[in-house]
Amino acid sequence: MIVLGIESSCDECSLALVEDGTRIIHQVIASQVALHSKYAGVVPELASRTHLKWIAGVYNELIKESGIEQKEIEGIAVTNRPGLSGSLLVGLSFAKGVALSLNIPFVAVDHILGHLYAPHLETHIDYPYLGLLLSGGHSIIGIVHSFDAYEVLGTTIDDACGEAFDKIAKYFGWGYPGGAVIDRMSQRGDKNAYAFPDPSLHKGDHPYDVSYSGLKTAVIHQREQFQRSETPPHPEDIAASFQKTAVDMFLKRVYAAAEDTGIKKLVFGGGVSANSYLRKSIQSSNGFLTYFPSAELCTDNAAMIAGLGFHYLSAGRFSDLSAGVSARVKRFKKTYP
Ligand code: KG4
Ligand code: ZN
């Protein structure tokens with residue numbers, strides 16, 4: 001079954017054609033990064049208006065370059081949660097229009113489950129496994145029981161991991177998007193120049209939760225306190241020390257979850273899973289079977305949505321024209337009173 005995937009939850013306008021949930025026939029990712037970079041962050045209004053302007057062109061390009069005829073498309077999968085409401089609405093409305101015009105079903109799917117599905121497009125992975133999602137909006141440790149069943153064990157109680165990368169880079173004026181910039185800078189820095197704190201949270205009840213807000217504050221406003229050497233600080237040292245703390249903090253919870261659940265298969269997804277320090281750290285730890293998506297499938301892309309959507313569509317699980325969007329999915333981000 002050939003499925004058209006549509007992803008417009010943030011600043012990537014992406015459409016893809018995927019066969020049987022595994023073979024990417026073709027994918028187009030039109031990134032809005034250049035438009036948002038002067039604000040050093042995604043401007044929601046600008047993002048949704050740009051999706052509206054671009055999406056039909058991206059679709060035409062996809063059809064032309066894929067060599068697939070529209071009549072061969074058997075179903076559509078579109079992200080409808082979580083994300084920027086205006087941007088999600090553009091993708092969802094476009095999906096409804098194409099579904100109506102081609103007289104095929106569509107299904108609205110969860111972006112987080114999409115990220116966790118991404119490595120399945122490149123290799124065969126049996127369930128269950130620990131699904132580790134690190135993106136600009138989320139930081140989640142959970143057990144993935146099937147394409148549709150994600151049991152959240154821990155999540156961020158405030159900022160997401162990628163958000164901390166982005167905000168720190170923005171504060172220091174290092175460039176945008178912050179994750180890739182900090183990753184690059186860190187390669188020239190001393191990761192032990194600063195000993196930034198890893199906050200201890202509600203250990204008893206929520207042992208796998210993380211918090212990045214305090215780390216962000218420490219790096220931006222209190223860094224002198226955590227400096228270890230007498231020599232004047234280099235930006236690269238701040239970047240490398242922050243990156244080490246952010247990644248180690250997450251991995252500590254991942255290893256604890258692996259130990260407690262007995263699940264040694266680790267599947268990463270989301271933009272931050274492209275991070276080189278994270279990948280190196282995992283490779284050097286023993287006893288785990290680890291999967292990372294390739295660079296293109298770490299960040300937002302429609303192939304993962306089409307891949308995931310195939311499983312709903314082939315089981316006859318469709319959405320109808322009343323489907324709407326949700327900016328947040330409650331269980332993916334905790335708030336404490
Ligand atoms: O998954 P994604 O493309 O979008 C969301 O769903 O949020 O993730 C984007 C996030 C941004 O915060 C970006 O700075 C971060 O992923 N990122 C990285 C790296 N590449 C992208 N963070 C750390 N290291 C990287 N190499
Ligand atoms: Zn994403």
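The legends below describe close-up views of a predicted model. Local features need pLDDT of at least 70 and side-chain atom pairs count only at pLDDT 80 or more, while totals for chains, interfaces and linings use all residues. Residues are numbered from 1 along each chain as its sequence is written, ligands are numbered from 1 in the order in which they are written, and side-chain values use heavy atoms, with hydrogens and water left out.

**View 1. The open sheet of five strands.** The strands follow the order β8-β7-β6-β9-β10 with mixed pairing. Because β8 (149-155) and β10 (289-291) each have a single partner strand, one side of each lacks a neighbour in the sheet. Strands are DSSP runs (E, at least two residues) numbered from the N terminus, and two of them pair if DSSP finds at least two bridges between them.

**View 2. The pairing of β7 with β8.** Strand β7 (residues 139-146) joins β8 in the antiparallel sense over six bridges. Isoleucine 141 lies opposite glycine 154 in β8.

**View 3. The site of the zinc ion (ligand 2).** His111 (NE2), His115 (NE2) and Asp300 (OD) coordinate the zinc ion at 2.0 to 2.1 Å; donors are N, O and S atoms within 2.8 Å of the metal (3.2 Å for Na, K and Ca). The donor residues are spaced H-x3-H-x184-D in sequence.

View 4. Histidine 111 and histidine 115 are about one helical turn apart because they are four residues apart in helix α4 (residues 111-117); helices are DSSP runs (H or I, at least four residues).
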